[in-house]
Every structure is written in C-alpha cells, then in structure tokens.
Amino acid sequence: YYAEIFFNFYNDAGQLKGSDAYLTYIAANTQDKIYTLYPGWGGETPGRWGFDQYYLQIVFLETVLATVHFSVGDESKEGTPLLATAQSHFSVSAGANGASETTPEQILSASLNELNALTGLEKIKTEVNEMVQLVRFYQETGKDVLSKFSLHTVFTGNPGTGKTTVARLLSRIYKGLGILEKGHLVEVDREALVAGYIGQTAIKTAEKVSEAMGGILFIDEAYSLAQGRGSAHDFGGEAIQILLKRMEDHRGKFGIIVAGYTDQTQEFITSNPGLKSRFDKYFEFLDYSPEEMYAIAERIFRKEQVKPDEAAATHLQRYFHFLHNQRDKHFGNARTVRQVVEESIRNQHLRLAAMKKEERTPALMETVLLADVSEFEIKDVTANTYRIGFKPGARL
C-alpha cells in the first residue's frame, strides 16, 4: 500500500510555518524493513526562517507519530534529535499494523495544561475550563452536548494576543472531549477562500471546509469577507454563503473560529443574520499588560538560554510600559515582544562576535547587557507636541 506521511513545521507559538508530504510505497511482508524519508521546507527567499525555536510534527493516518523540537541559528549541526513523543505515549495493539493513538484523556489533559500555562488570558482560561466541566457534566448525565454547546466561536482582539495559539489548543480540547474526531486546525484568510472569478470561490471555500472536517476552520481577519456587506458583487459574500450552508449541513462535524480586530469582527458578524445566529460564543483577547509582556520576554530569553542582567531587565520593563502606554489597535503585543527579544539577542551576538574567542566567558555568553537593549528608546512623546486651536476666551 501507499503510506502518505505529513511533515508539519510550526514555530513555538503553534503557528504552521510550512508543510511537506511524502507518498511512500510499503511492500508486502516487509515488517522489519526501515523506510527513510528526507523532509524539509524552505527556500532561498530571505525571511522564511528566523532565529527561533520550532518543532516538527510527523503525522500518519491523522496520528502524530513524533514531535521533534529544533532551533534555527548561525550554525549547522548534525545528529539524532530527541523525540518529544515517547513510545510510552502510544498504545500499540498487536496486529494493528503499527497504528497508535494517544488517548482522549491524555490529549485533553495536555492541551488544558498548555493553555493554563500561557501568560495572561485569565478570563479565557476560566471560560474554557468551565466549558470542559459543563461538557463532561452533559456527557455523564446523558444530555445531548451539541444541543447545548456550539463549536462556532468568535475571537476578538489585537494582533499577537494568542488567538491562533488558543484556537489550536481548543481544537485539541474538543478532540479530547470526544466532540471532534480529529482535532486539527486549518488556518485560512480571505485569499484562501475567495477567488477572482465567478464560481471559483464556492469551490475554494468548500475545499477548505472539507479539509477542516473533524477539526476547526480558523478564519483570520474574517471581516475582510464582508467587504461590500456580502453583496452579490463581492466574492467574499459568496464565501460567507458557502460557510453558512456547510455550518448547517455539517452541524457538529467541524467548528469555525472567526478572528480579528474587535470592531471590524463585530461588524462582520452583524453583516449577515445567518452569521449572528450561528456564533454564540465570544472570546475577547485583551492586550497584554507591561508585566505580562516582560513575562513573555523572560520565557523567550530562557528558551534562548540567556538572561538580561539587572540594568537590561529594568530598561526592558520600562520600555514595555512605554509601548503599552502608546499602543493603538495595531499594537503587536507578543509579536512586538518577540521582535524586541530577537533584536536584543542579535545585538548580544554582534557584541560577542567582536570579542576575542578567549574573552567570551560562559557568563558573558548567557547574559544580555544594557548595551544590547539600549536601542529601544523611551521617548517623551509630549515634549514636542503642538496643539492647533484657540484658548477659551482668547481675543482674536
């Protein structure tokens, strides 16, 4: 038979970076034969990979066979990576052709632990944990879960507030609860659903819904579909109609999460009566506080095995307060934090590269100094602010 193996590359925020698939012919009576595949994803275009932590998921027959964590840096290293999925996590039955599956309870427990370990998002964590308790209660008492529970959800908030991460975990939580069969996440935007020709949008949208069956279809910046208020002259309206029909025809077989800025997403939901009636669960992703931003920075620094000294830490804390006070709806939240940390580590590397090898002590290699973060200026935005207008009671 032919075995199709998927290799999915994610960043440490759980966002899909790239995917590769191999179709391998497995000959009969070759139980002990080893088949070797060489997956990869990338290209010569700069920016496809950044200095960061990533992980690779190896998937066969909707089962994650192994997870391999790796980092992207300056040096190329060869060796045998550690598999994050231990053999003990699988339940293998004799004669099952090697098929294995993590139990729903393990999936649920691991997903909830990962959710509860995220920085901030306290209200959302509470709502999800309460939802899990309710679903378990309905299941224990024999109630119809789908009649009391909707898989379709609205995520609102600024960029970088964890919407994609929570969507991925929520799909796994639904699988652990037995609500969804596969528990995977299919992430799309307007471009993935809408075509430029009449009739093609319906095909593209239907294909993405089929791909999401048993899991969650995550539509980022969903409000862009409602351009023209879903009129017949805009292909986004055609995509909305297909989504509404599939939500009705395949109730309980998949979920849709629409996400985007708060105001625009609310307008999107109210742009069509069918949308408003099908989305009854709303999660609001608030901007991270300065303290939460620094906590995220500390976590990223730890992953890079470095730590800011007292002066650098103080400066970064003040800088995050400055960014938070000046934020607007385009504020990047955790994405901005990641950019700051990556630039700080890059400055540290440049500083170390300028030193002689024997001068690079282990302490220096592990420490980010004030000089590495000083480029992040804390400006007095009110110093040169000029107002146009008149004083009350002024003579003209």
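Trainee: Why is Tyr54 called buried?

Mentor: In this predicted model, Tyr54 has a relative accessible area of 5%. Buried means under 20%, so Tyr54 is buried.

Trainee: What makes Trp49 partly exposed?

Mentor: Its relative accessibility is 26%. That value falls between the limits of 20% and 50%, so Trp49 counts as partly exposed.

Trainee: Why is the pair of Trp49 and Tyr54 called edge-to-face?

Mentor: The ring centres are 4.7 Å apart, and the planes meet at 85 degrees. Centres within 6.5 Å make a pair, and planes over 60 degrees apart make it edge-to-face. Both conditions hold, so the name applies. Trp49 and Tyr54 also belong to one aromatic cluster with Phe9 and Phe70.

Trainee: What makes the pair of Phe137 and Tyr138 tilted?

Mentor: The angle between the planes is 55 degrees, with 5.9 Å from centre to centre. Stacked needs under 30 degrees and edge-to-face over 60, so 55 degrees leaves tilted.

Trainee: How do you know that Lys17 lies over the face of Trp49?

Mentor: Lys17 is at 5.8 Å from the ring centre. The limit is 6 Å, together with an angle within 35 degrees of the ring normal. Lys17 is listed as lying over the face.

Trainee: How do you know that the span of helix H4 agrees with its number of residues?

Mentor: H4 has 14 residues, and at 1.5 Å a residue these should span 20 Å. The end C-alpha atoms are 20 Å apart, so the two values agree. H4 is also mostly covered, with 13 of its 14 residues buried.

Trainee: Why is Thr153 called buried?

Mentor: Thr153, in strand E5, has a relative accessible area of 0%. That is under 20%, so Thr153 is buried. Its contacts include Tyr174, Ile256 and Phe279.

Key. Residues numbered from 1 in each chain as written. Predicted model: local features only at pLDDT ≥ 70, side-chain atom pairs only at ≥ 80, totals over all residues. Heavy atoms only, no water. Helix = DSSP H or I, 4+ residues; strand = E, 2+ residues; numbered from the N terminus. Buried < 20%, exposed > 50% of the residue type's maximum accessible area, 1.4 Å probe, protein only. Contact = heavy atoms within 4.5 Å. Expected span 1.5 Å × (residues − 1). Phe/Tyr/Trp six-rings, centres within 6.5 Å; stacked < 30°, edge-to-face > 60°. Lists of a residue's contacts leave out its neighbours within four places in sequence.
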